[in-house]
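Subject: Structure handover

Hello,

Here is the structure I promised to pass on. Please open it alongside this note; what I found follows below.

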Amino acid sequence: MALHEPRVFVTRRIPDRALRLLQAHADTRVWPDPLPPIPDALRHECARADGLFCLLTDHVDAALLDAAPRLKVISTMSVGYDHIEVDACRARNLLLGYTPGVLDDATADLAFALLMATARRIAEADRYVRAGEWRTWSPDLLTGAEVHDATLGLIGFGRIGQAVARRAVGFGMRVGYASRAPRPEVAEPLGAEYLPLEALLRRSDFVSLHVPLTPETSPLIGARELAWMKPTARLINTSRGPVVDPGALTNALAEGRIAGAGLDVFETEPLPMDSPLLRLPNVTLLPHIGSATVATREKMARMAAENLVAGLRGQPLPHPIP
Ligand code: NAP
Ligand code: GLV
């Protein structure tokens with residue numbers, strides 16, 4: 001039995017139901033600003049905290065852990081956990097939670113929206129209408145690429161990659177995937193073919209990335225891999241920015257070595273306003289909104305709160321980081 005009411009620090013405002021759950025179990029302080037706490041502020045806020053509810057914008061490193069001697073549990077409201085130095089946390093016996101599964105469909109929808117947007121030049125067409133350039137219907141106005149009958153190459157065939165595959169099948173696409181190991185039990189019902197990375201990139205009309213950011217995937221797609229892609233192909237990235245070499249991608253897009261890209265994630269977020277990507281018409285840019293539906297964010301917050309409460313009570317987390 002704890003001698004004091006546990007203290008929790010939450011690094012941003014979160015949906016009400018999740019917040020109420022935390023408040024029912026702990027003295028809960030919420031960072032009030034719309035921007036994340038800078039590292040100094042985060043260390044200060046965690047100095048007396050037993051639990052930390054964080055987001056993917058909060059870097060959890062050894063310096064933070066050293067400044068937070070009472071911390072028992074860290075729960076991130078995200079499925080990606082590359083912002084957490086897991087080894088440093090494990091060395092201190094901290095419990096770690098994340099939010100797998102509840103955001104698969106929302107994120108897959110967004111990846112597919114980017115695929116459709118790059119194929120049919122949606123953002124470009126919207127800019128065209130707003131700029132008053134629309135004079136008439138014409139046979140070659142803003143013509144794009146077909147989605148049905150096209151080949152989609154998925155890199156990473158876990159929860160979200162598989163959800164994208166299900167959508168692609170509904171759109172009449174052929175689906176291939178590259179992963180560290182074949183997954184015949186899920187691939188076969190979808191008709192998805194396992195291919196080595198090079199063959200997948202050479203064959204695909206659309207390539208969509210669904211790997212976590214790890215030392216092995218940072219970057220997974222560089223100049224060599226982009227050169228394997230067809231000049232008519234489009235790259236979709238809803239995984240993490242550093243999975244793609246940003247300089248190599250900008251060059252490939254600017255020189256027309258690939259036809260387009262749809263990007264939700266970037267090496268530096270927010271995307272700096274001097275990024276050359278902002279000047280390229282064949283790129284659709286989104287501000288890391290893969291899981292951003294009201295319902296999904298509520299589920300993620302709830303799941304992260306449940307993880308945190310379990311950890312504070314000394315119970316196993318329902319969704320521990322593996
Ligand atoms: P997941 O279920 O763990 O799937 C990841 C897949 O990547 C697994 O199949 C894994 O294969 C594979 N993989 C790992 N390293 C690889 C490598 N070096 N080469 C090829 N494949 C590799 O994860 P998820 O839930 O689908 O999420 C994937 C990522 O999406 C998250 O980590 C996060 O970064 C990102 N994400 C972004 C948004 C957004 O808002 N844009 C939203 C949600 C998630 P093994 O089975 O061999 O490990
Ligand atoms: C979003 O990017 C997540 O990892 O949940």
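Start with T151, which sits in strand β6. Bear in mind that this is a predicted model. T151 is buried, because its relative accessible area is 10% and the cut-off is 20%. Its side chain makes a polar contact with the side chain of R174, at 3.1 Å. Setting aside neighbours within four places in sequence, T151 is in contact with R174, R203, S204, D205 and F206.

Next, the aromatic rings. The count comes to 5 aromatic pairs. One of them is F112 with F171. Their ring centres are 4.7 Å apart and the planes stand at 40°, so this pair is tilted. It links distant parts of the chain. F112 belongs to helix α5, residues 104-120. Are the two partners buried or exposed? F112 is buried, with a relative accessible area of 5%. F171 counts as partly exposed, at 38% relative accessibility.

A second pair to look at is F157 with Y177. This one is stacked: 4.1 Å centre to centre, with 20° between the planes. F157 lies in the loop between β6 (151-155) and α7, while Y177 lies in strand β7, so the pair ties together parts that are 20 residues apart in sequence. F157 is buried, with a relative accessible area of 2%. Y177 is buried too, with a relative accessible area of 1%. Which residues make up the cluster of ring pairs? F157, Y177 and Y194 are linked into it.

Now the sheet. There is an open sheet of 5 strands, in the order β2-β1-β3-β4-β5, with parallel pairing. Its edge strands are β2 (27-30) and β5 (95-97), and each of these pairs on one side only. Neighbouring strands of the sheet are turned against each other by 15° on average, ignoring direction. At the β5 edge, strand β4 (residues 73-76) pairs with β5 in the parallel sense over 3 bridges. Within that pairing, L96 in β5 is the bridge partner of I74.

Two helices to check against this sheet are α1 and α12. Helix α1 (residues 16-25) packs on the sheet and touches β1 (7-10), β2 and β3 (51-54). The direction of α1 makes about 140° with that of β2. Helix α12 (residues 294-312) also packs on the sheet, touching β1, β3, β4 and β5. The direction of α12 makes about 175° with that of β4.

Last, ligand 2. Which residues are around it? They are L56, S78, V79, G80, L103, R240 and H288. A backbone N or O atom of V79 lies 2.8 Å from an oxygen atom of ligand 2. For G80, a backbone N or O atom lies 2.7 Å from an oxygen atom of the ligand. With H288 it is a polar side-chain atom that lies 2.7 Å from an oxygen atom of ligand 2.

That is the handover.

Best regards

Technical notes
Residues are numbered from 1 along each chain as its sequence is written. Chains are lettered from A and ligands numbered from 1 in the order in which they are written. This is a predicted model: local features need pLDDT of at least 70, side-chain atom pairs count only at pLDDT 80 or more; totals for chains, interfaces and linings use all residues. Side-chain values use heavy atoms; hydrogens and water are left out. Rings of Phe, Tyr and Trp (its six-membered ring) pair if their centres lie within 6.5 Å; planes under 30 degrees apart count as stacked, over 60 as edge-to-face and the rest as tilted. Helices (H or I, at least four residues) and strands (E, at least two) are DSSP runs, numbered from the N terminus. Buried means under 20% relative accessible area, exposed over 50%, partly exposed in between (1.4 Å probe, protein chains only). Two strands pair if DSSP finds at least two bridges between them. Axes are lines fitted to C-alpha atoms, for helices over the stretch in contact, and angles run from 0 to 180 degrees between N-to-C directions. Contact means heavy atoms within 4.5 Å. A residue is near a molecule or strand if one of its heavy atoms lies within 4 Å of it. A polar contact is a pair of N or O atoms within 3.5 Å; within protein, one must be able to donate a hydrogen and the other to accept it, and residues adjacent in sequence count only if both atoms are side-chain atoms.
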